[in-house]
Structure formats: C-alpha cells, structure tokens
Amino acid sequence: MREALTRYGRHNIGVFWLFVEPMTFTLGVTLLWTATGASHGSQLPIAAFALTGYSSVLLWRNMPGRCIHAIEPNASLLYHRNVRIIDIYLARIILEGMGATSSFVVLTLIFHFLNVIDLPEDVFKIIIGWSLLAWFGASLALALGTLSERSEIVEKIWHPGSYLLFPLSGAAFMLSAMPADFQNAVKWLPMVHCTEYIREGYFGSKVTSIYDLQYVVIFNVVLTLLGLSQLKIVANRVTPG
C-alpha cells in the first residue's frame with residue numbers, strides 16, 4: 001500500500017492508475033494494430049491478438065524496470081527491523097503484476113461487452129501461461145534489481161534491451177507462421193513459450209501453438225536462484241545509514 005500511494009498519490013484517481021496506466025498502453029496498441037489492419041501472420045481477430053500480446057509484454061517487461069535501483073529511494077525503510085530488502089522488491093513486483101493482470105482482465109471484458117472480441121476458450125490454460133510469465137518477470141526483476149545495486153551498467157543495458165526483446169517476445173507473431181530458423185532462435189526466450197500457451201488458451205483450435213512449458217519452468221527456477229543468491233550478497237552489503 002505504501003508503494004502504491006508513493007507512486008500514484010491520493011489525487012485524481014490515485015491507486016486506480018495501477019491498472020489504468022497499462023490499460024492505456026494496451027488499448028493504444030490494440031487500436032493502432034486494428035486501424036492499420038495488421039494481420040501479423042495469422043487470420044486471428046486483431047484486437048484479441050493485440051490484447052493477448054501486448055498485455056503479456058507489460059507483465060514481464062515492467063517488473064524489472066521497477067526493481068532496478070529500487071533500494072536507494074526506499075533505504076529509510078530498512079531502519080525498521082521487520083522490513084527486508086526482498087520486501088522492497090516484492091512490493092514492486094506484486095504491484096506490476098496486479099496492474100498488468102487487472103488491465104488484461106478488464107480490457108477483455110470491455111471488448112467482449114462491445115462485441116469486439118470473444119471470450120477465451122480455455123481460461124485455465126491462460127491462467128497457467130500467465131502465471132509462468134509472471135514468474136519469469138518476477139525472477140528477472142529480482143535478478144536485475146539486485147545486480148543493478150552492484151553495477152550501473154545493468155540499467156544501461158536493460159532499457160534498450162527490453163525494447164529489442166519486445167518484437168522477439170511473441171507478442172506480434174505466432175511461431176507457426178515464422179520460418180524454422182527464426183523459430184529455433186526465439187525459442188530460447190521463455191516469454192515466447194508463455195505467450196504461445198496463453199494464445200492457445202484464448203483462441204483454442206483456431207491457432208497452432210508451439211511451446212515447451214518444461215523449459216520455461218527450468219529457466220525460471222535457475223533465474224530465481226540467481227536472483228536469490230544475488231539478493232543475499234546485496235543484503236550483506238546494504239545497511240541502513
């Protein structure tokens with residue numbers, strides 16, 4: 001709650017910006033793709049395609065951005081015995097996850113109410129894919145957040161890197177529509193598998209999805225362990241005052 005109030009304040013719509021902000025970005029991309037008639041290698045409804053794609057990007061991309069250099073502005077909280085460094089990261093990770101998830105759900109319901117898109121065919125698959133993607137975003141945020149406390153180069157690399165990863169993340173294409181060489185290259189990115197699985201849950205038999213959830217789990221476990229190991233190092237180096 002403190003993190004939400006600090007970021008959004010109590011004025012205007014306050015903490016409602018938590019999901020209104022990502023909704024604005026997703027809605028803008030959806031309208032742009034719809035207006036340009038982009039097909040992105042498939043015959044799927046472009047509004048639903050954009051919604052599942054860009055919402056997924058916001059889920060994994062925003063978490064690391066908020067956790068890089070997160071300790072310094074919250075260093076005063078560490079004077080409280082019950083507040084640990086991991087609490088600072090978790091607060092930001094949870095807020096970003098809630099914002100992206102709320103945006104996705106609310107926009108899906110609004111677009112369906114307006115008869116722009118159909119409801120998902122398999123909500124359970126979407127929940128699994130979304131959870132794995134959120135796990136990836138959280139572990140990446142923890143790893144980059146702790147590493148940024150040791151080197152400023154992390155921030156310099158992440159910002160351009162996140163923009164370069166966007167077109168490769170599966171948000172704007174289906175793997176089945178891509179050449180084999182391209183598929184083999186982007187399959188190393190775990191968010192591609194998650195996005196493919198989310199779209200399979202949303203569109204069902206209308207799509208041919210290519211994914212390996214076991215690879216995503218293994219990748220997330222390794223990345224989480226890396227983040228936790230770096231967290232221990234940073235916790236030993238950072239002391240109040």
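Which residues form one aromatic cluster? The answer is W60, F136, Y215 and F219.

First, the ground rules. This is a predicted model, in which local features need pLDDT of at least 70 and side-chain atom pairs count only at pLDDT 80 or more, while totals for chains, interfaces and linings use all residues. Residues are numbered from 1 along each chain as its sequence is written, and side-chain values use heavy atoms, with hydrogens and water left out.

Now the chain. It has nine helices and zero strands. Here helices are DSSP runs of H or I with at least four residues, strands are runs of E with at least two, and both are numbered from the N terminus. Of the 241 residues, 46% count as buried. Buried means under 20% relative accessible area, exposed means over 50%, and partly exposed lies in between, using a 1.4 Å probe and protein chains only. The chain exposes about 12,400 Å², and 65% of that comes from carbon and sulfur atoms. Those areas come from the Shrake-Rupley method with a 1.4 Å probe; for residues, only the protein chains shown count as cover.

On contacts, meaning heavy atoms within 4.5 Å: among those with a separation of 6 or more, 74% are between residues 24 or more positions apart.

Back to the rings. Rings of Phe, Tyr and Trp (its six-membered ring) pair if their centres lie within 6.5 Å; planes under 30 degrees apart are stacked, over 60 edge-to-face, and the rest tilted. The count comes to eight aromatic pairs. One of them joins F173 and F182: the ring centres are 5.3 Å apart and the planes stand at 75°, so this pair is edge-to-face. F173 is buried, at 5% relative accessibility, whereas F182 is partly exposed at 28%.

Next, Y197 and Y211. Their ring centres are 4.8 Å apart with planes at 80°, so this pair too is edge-to-face. The pair links distant parts of the chain: Y197 is in helix α8 (residues 190-203), and Y211, 14 residues apart from it, is in the loop between α8 and α9 (213-237). Y197 is buried, at 9% relative accessible area; Y211 is partly exposed, at 31%.

Last, charges over rings. The rule asks for NZ of Lys or CZ of Arg within 6 Å of the ring centre and within 35 degrees of the ring normal. R61 has its charged end over the ring of Y163, 5.2 Å from the centre. R199 places its charged end over the ring of F49, 3.7 Å from the centre.
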